[in-house]
Each structure stands twice: as C-alpha cells, then as structure tokens.
Amino acid sequence: MSDETVRRSGVSDRDDDELRLGRLEKRLEAVERAATGTDASVADLSSAAELDARLTTVEEQLSEFDDRLAELDAAVQALRGYVGGVRAVNRAVERRADAAIAAVESLERDRPNGDAVDEILDGIEDENESASPEPTGAPDCDADGAGDETETGGASGLAARLRETW
C-alpha cells in the first residue's frame, strides 16, 4: 500500500503501526502457547523451571532416603536374627540348668540323710587324696611354682568352696 492510498482511506501511520503491533502480539501469544503447551506466558516459565529443579532435588533425596531405609531395614532384620539366636541359647541353658537342679533335688530326695551334695564332695576329696599324694617341700605348687591360695588346695579347695555355697 502506498502512503497516498493509506491517507485516502483515512488511516494514519499511527493507526497502521497499532494494527501491526496488535497482529504481532497475537502471533507472539500463539508462539508462546506452542512453546509452553498452555496459555501461560513465557514469563511464568521461570517459576516452572524452578519448580522442576526443586522436584528433581526432592526426587534425588527421596531415592537416597529409600536406600538408607533399605539398609536400616536389613540391619534391623540382622539384629532380630541375632537376638533370636541369643534367646534360643538362653532357653537351652535354662533347660539344662533346670534339669541339673531337678537331678540334684532327686538325688537329695533319694538319699536317706538328704545330703547328696556333701556325699559327692566327699567322693571328690577322697579321689584327690588317693590320686595325688602331696609332695614334700612345696605344698600345692603350680607349674610356675606359685602355691594354691586355698586351705586344702586343688579340687579339694573347689569342694570346700562348693560346701560354703551349698
């Protein structure tokens, strides 16, 4: 269009510029919609990019926490297994101790005088006295030459301590 035609139609240069600017804005909006996939303006994309970066960071942290949780779960399972083993050993020890107590009580009931422990200890002392006569010179010496601290020495010292306990 020539300037004369525009002037004759009654449209000034200023109006023509406004029309061009309006068309340009509409085209820019169409390009923004195509780029964003929504009606949001390009200026809003910076906050979306920040949100995307934060979401990526949170996903990475979640993955790390998931790994740590799996490790902790494995550690808890291992501890449960260990405690279960200890409990089983404790039960076995308790059963053996109960059986030993029952056996001693049975022996005490079967004896006319009821003092089976003293009889067993006397038997231990008799065996020790007959098996190893005390050498002259150094009574109750160990291999390193140290003497036994008990009054009666060796197994008979054990028998004396058991008597004190019972």
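Guide: In this predicted model, the structure holds 1 salt bridge. The partners are R20 and D16, and their closest N and O atoms lie 3.0 Å apart, inside the 4 Å limit used for such a pair. Side chains of opposite charge can pair when their charged atoms come close. Both residues belong to helix α2, which covers residues 13–36. R20 and D16 are 4 residues apart there, so about one helical turn separates them. An α-helix has 3.6 residues a turn, so residues three or four places apart point the same way.

α2 has 24 residues, and at 1.5 Å a residue it should span 34 Å. The C-alpha atoms at its ends are 34 Å apart, so the model agrees with that expectation. After α2 comes G37, with a positive phi near 80°.

Now the rest of the chain. It has 5 helices and 0 strands, and the order along the sequence is α-α-α-α-α. Of the 166 residues, 7% are buried. The chain exposes about 14,100 Å², of which carbon and sulfur atoms supply 54%. Among contacts between residues at least 6 apart in sequence, 34% join residues at least 24 apart.

Y82, V83 and V86 form a nonpolar patch with about 270 Å² of accessible area together. V86 sits in helix α3, residues 45–110. The relative accessible area of V86 is 33%, so V86 counts as partly exposed, and this value also passes the cut-off of over 30% for patch residues.

The average pLDDT is 74, and 61% of the residues score at least 70. Among the elements, α3 has the highest mean pLDDT, 89, while helix α1, residues 3–9, has the lowest, 53. Over residues 136–153 pLDDT stays under 50, and for this stretch the model has 15 contacts beyond four places in sequence. Where pLDDT is low, the predicted coordinates should not be read in detail. That caution applies to the stretch 136–153, with its pLDDT under 50.

To return to the part you asked about: the salt bridge joins R20 to D16, and both lie in α2.

Technical notes:
Residues are numbered from 1 along each chain as its sequence is written. Side-chain values use heavy atoms; hydrogens and water are left out. A salt bridge is a side-chain nitrogen of Lys or Arg within 4 Å of a carboxyl oxygen of Asp or Glu. Helices (H or I, at least four residues) and strands (E, at least two) are DSSP runs, numbered from the N terminus. Buried means under 20% relative accessible area, exposed over 50%, partly exposed in between (1.4 Å probe, protein chains only). Contact means heavy atoms within 4.5 Å. Accessible areas come from the Shrake-Rupley method with a 1.4 Å probe; for residues, only the protein chains shown count as cover. Patches are made of residues with over 30% relative accessible area and no salt bridge: like charges are joined within 9 Å, nonpolar side chains (Val, Leu, Ile, Met, Phe, Trp, Tyr) within 5 Å. The expected span of a helix is 1.5 Å times one less than its number of residues. pLDDT is the predictor's confidence in each residue, from 0 to 100.
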